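Please load the model and keep the sequence panel open beside it.

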Amino acid sequence: MPLSSPASRPAAELSIGQLLDLFEHAPCGYVIADPSGRIIRANTSLATWLGKTTDEFLGMRFSELLPIAGKIYYETHVAPLLRMQGHLSEIALDLLDGEGMAHPRLVNAVEIRDAQG
């Protein structure tokens, strides 16, 4: 029986380390937030883009990465749409770096829900 390559194995067989490596080194920025909306993990791509360390994102809300107009748009349109649909695709937002400079990005989001919603 031939050995299967990592690419041909089911996703369930990937190790936590492999999944974390994919998260950390993806060519796009990722954050994971807890149910209260606080960031609990950010990847190195996002940190590099915004001139921060990954630890600087911990405890922040995603809206804190936005300029004031972006915060208003996020709170009035983006967050309600995410709660209603459970996902967003390619929403254009400016993210602020450590110097306050805006970096335009397309944002995708998925809300992971348990059986109770």
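Is Asn 43 buried or exposed? Asn 43 is buried, at a relative accessible area of 0%; buried means under 20% relative accessible area, exposed over 50% and partly exposed in between, with a 1.4 Å probe and protein chains only.

Before the next selection, two notes on conventions are in order. This is a predicted model, in which local features need pLDDT of at least 70 and side-chain atom pairs count only at pLDDT 80 or more, whereas totals for chains, interfaces and linings use all residues. Residues are numbered from 1 along each chain as its sequence is written, and side-chain values use heavy atoms, with hydrogens and water left out.

**Whole chain.** Select the entire protein: 3 helices and 4 strands make up its secondary structure, in the sequence pattern α-β-β-α-α-β-β. Helices (H or I, at least four residues) and strands (E, at least two) are DSSP runs numbered from the N terminus. Of the 117 residues, 25% count as buried.

**Asn 43.** Return to Asn 43, located in the loop between β2 (39–42) and α2 (44–50). Display the polar atoms of its side chain: one lies 2.9 Å from the backbone oxygen of Cys 28, and the backbone nitrogen of Leu 46 lies 3.1 Å from a polar atom of the Asn 43 side chain. Then show the residues in contact with Asn 43 (heavy atoms within 4.5 Å); beyond neighbours within four places in sequence, these include Phe 23, Glu 24, Ala 26, Gly 29, Tyr 30 and Thr 54.

**Ser 63.** Ser 63 counts as buried because its relative accessibility is 10%. Residues up to four places away in sequence aside, Ser 63 touches Lys 71, Tyr 74 and Glu 75.

**Helix α3.** Select residues 68–85, the 18 residues of α3. From first C-alpha to last, α3 reaches 25 Å, close to the 26 Å expected at 1.5 Å a residue; the expected span is 1.5 Å times one less than the number of residues. Centre the view on Tyr 74, where α3 bends by about 50 degrees, the bend being the angle between axes fitted to the seven residues ending there and the seven starting there. Colour the buried residues of α3, namely Gly 70, Tyr 74, Val 78, Ala 79 and Leu 82. Their cover includes β3 (87–96) and β4 (102–110).

**Gly 86.** Finish at Gly 86, which follows α3 and has a positive phi, near 90 degrees.

Notes. A polar contact is a pair of N or O atoms within 3.5 Å; within protein, one must be able to donate a hydrogen and the other to accept it, and residues adjacent in sequence count only if both atoms are side-chain atoms.
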